[in-house]
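This report concerns strand pairing and the nonpolar cores of one structure. The sequence and the model are shown first.

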Amino acid sequence: MLKQHHQLFQGLFFFADMLVVSAAWVLAYYLRFEWGPISAPKGTPPMANYLPMVLFVWVIWGVALRGFGLYHMTRGTQAIHETIRVAQASTLALLVFMSVAFLFWEKDYSFSRGVFFYFWVLAVAMLVAERLALRQVLALFRARGYNLRHVLIIGSGELAHGVANKIAEHPGLGFTIRGFLSERADEVGRRIGVAHVIGVYADVQAILEKNGIDQVLIALPLDSIGYLEDILKRIGPSMVDIKVIPDIYKFISLRGGIEDFDGMPVISLLDTPLGGWNDVLKRTVDVMLATVLLALLSPIMLLIAAAIKLTSIGPIFYRQERMSLDGRTFLVWKFRTMRADAEKETGAVWASPADARRTRFGAWLRQLSLDELPQLFNVLRGEMSLVGPRPERPVFIEQFRQNIPKYMLRHKVRAGMTGWAQVHGLRGNTSVEQRIRYDLYYIENWSLLLDLKILFLTLVRGFNNPNAY
């Protein structure tokens with residue numbers, strides 16, 4: 001029955017996909033020749049020249065979408081992952097499609113490049129929208145009790161309880177828990193969330209046959225992992241899906257997950273984010289924007305430099321050791337806002353409201369965060385990014401790393417002139433623990449769109465911040 005349902009949904013998605021890409025091809029023709037702003041210099045070609053190409057669209061897109069695993073019907077697929085795969089499959093399919101069209105028809109008929117461009121945009125957008133809509137419809141049916149998968153959870157500890165809670169939070173996935181198995185017989189009958197412990201590990205085969213189980217989730221604690229081999233042997237003859245949830249999820253941070261190493265699954269507990277092309281993209285944007293900002297702000301920076309020189313004794317700039325990517329230290333540049341000998345008596349201390357060490361003009365600069373502008377040079381040098389966790393002094397880091405869990409993970413990316421914590425008001429002498437939570441959220445959820453959002457919020461919220469002193 002499960003195999004029949006799987007094939008039914010594969011067919012449903014395939015039929016919907018082919019209908020959508022066909023519509024995208026036809027719409028692309030009309031956008032180019034009938035509705036679009038650019039007129040056709042050679043006149044409007046007949047639709048009959050384009051319509052037969054739908055047959056090639058079906059074949060090429062069908063193969064590409066299947067090749068990217070988009071007909072592997074997995075419940076709980078994240079929308080962003082499916083969107084990326086749809087875009088990748090459609091891009092590859094378009095290249096093949098254009099090659100076929102231009103290689104075999106170019107001599108007889110020249111297809112419009114504009115049609116292909118419109119087609120690619122429409123195909124990606126419409127396929128993503130169609131698949132999201134279908135998954136929402138299926139989720140509604142499952143939430144109402146249709147097309148359910150009956151699950152047995154092997155384990156009764158904290159991990160098993162956490163798995164059960166996750167299932168209960170997402171009724172649209174269509175999982176219903178039939179029960180739990182425990183290592184101890186005296187736990188039989190104990191309620192865990194929405195179900196009970198219905199047996200011990202040794203009973204697994206009989207329970208599978210009796211309860212109509214479709215899927216087994218093995219959620220054993222680390223100290224019970226020795227039972228795994230025996231449990232798998234007992235499940236062996238049963239036709240059920242088996243998934244193992246390792247009891248190390250609590251150690252995973254910064255986009256940890258499962259990777260493949262020549263066919264061998266490897267669990268990554270800590271991975272460096274912003275690697276590869278993401279790092280190249282972020283660095284490119286940093287250099288471009290920092291260059292533009294320096295050009296636009298240079299008159300203001302010259303006025304600030306002159307005002308500092310005229311209103312106080314000492315250098316214009318202040319350099320201080322900070323820590324950035326991979327724990328490397330660098331000298332951060334700022335406009336000087338305090339007396340030249342500000343830390344002679346106190347040593348390294350946090351700035352405070354109405355700090356007596358500030359100059360009158362420096363207090364105004366700090367209030368408006370204009371003292372940070374020279375850090376654009378740090379960005380160009382690659383020591384900082386426009387957006388990232390704010391760099392801290394090594395002397396303070398030695399204190400924080402001993403008392404605040406995961407503090408050093410913030411140094412897995414370049415320090416930033418502004419960050420997710422700062423646009424939420426966490427500046428100056430505010431809670432370090434709370435800042436860390438915001439910094440780690442930024443690292444784990446990084447995207448170019450999030451960077452642009454933070455830069456926009458910095459313009460809106462970043463000036464005249466009450467915690468900037």
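Two strands count as paired if DSSP finds at least two bridges between them; helices (H or I, at least four residues) and strands (E, at least two) are DSSP runs, numbered from the N terminus. The model is predicted, with local features needing pLDDT of at least 70 and side-chain atom pairs counting only at pLDDT 80 or more, while totals for chains, interfaces and linings use all residues. Residues are numbered from 1 along each chain as its sequence is written, and side-chain values use heavy atoms, with hydrogens and water left out.

**Strand pairing**

| Strand pair | Sense | Bridges | Opposite residues |
|---|---|---|---|
| E1 (residues 149-154) and E2 (residues 175-182) | parallel | six | histidine 150 and threonine 176 |
| E2 and E4 (residues 195-200) | parallel | three | leucine 181 and glycine 199 |

From E1 the chain passes through helix H5 (residues 158-169) to E2 in a right-handed β-α-β crossover. Right-handed denotes a clockwise path from the first strand over the helix to the second, with the strands pointing away from the viewer.

**Nonpolar cores**

A nonpolar core is a set of buried Ala, Val, Leu, Ile, Met, Phe, Trp, Tyr and Cys residues joined through side-chain atoms within 4.5 Å, where buried means under 20% relative accessible area (1.4 Å probe, protein chains only). The largest such core has 41 residues, and Trp25, Trp61, Leu65, Phe97, Phe116 and Phe119 have the most contacts inside it. Helices H1 (2-35), H2 (54-67), H3 (79-105) and H4 (113-143) each give two or more residues to this core; H1 supplies the largest share, eleven residues.

Leaving aside neighbours within four places in sequence, phenylalanine 119 is in contact with residues including Val21, Trp25, Trp61 and Phe97; contact means heavy atoms within 4.5 Å. Another core, of 40 residues, lies apart from the largest one and includes Ala305, Phe330, Phe361 and Leu440.

Technical notes:
Buried < 20%, exposed > 50% of the residue type's maximum accessible area, 1.4 Å probe, protein only.
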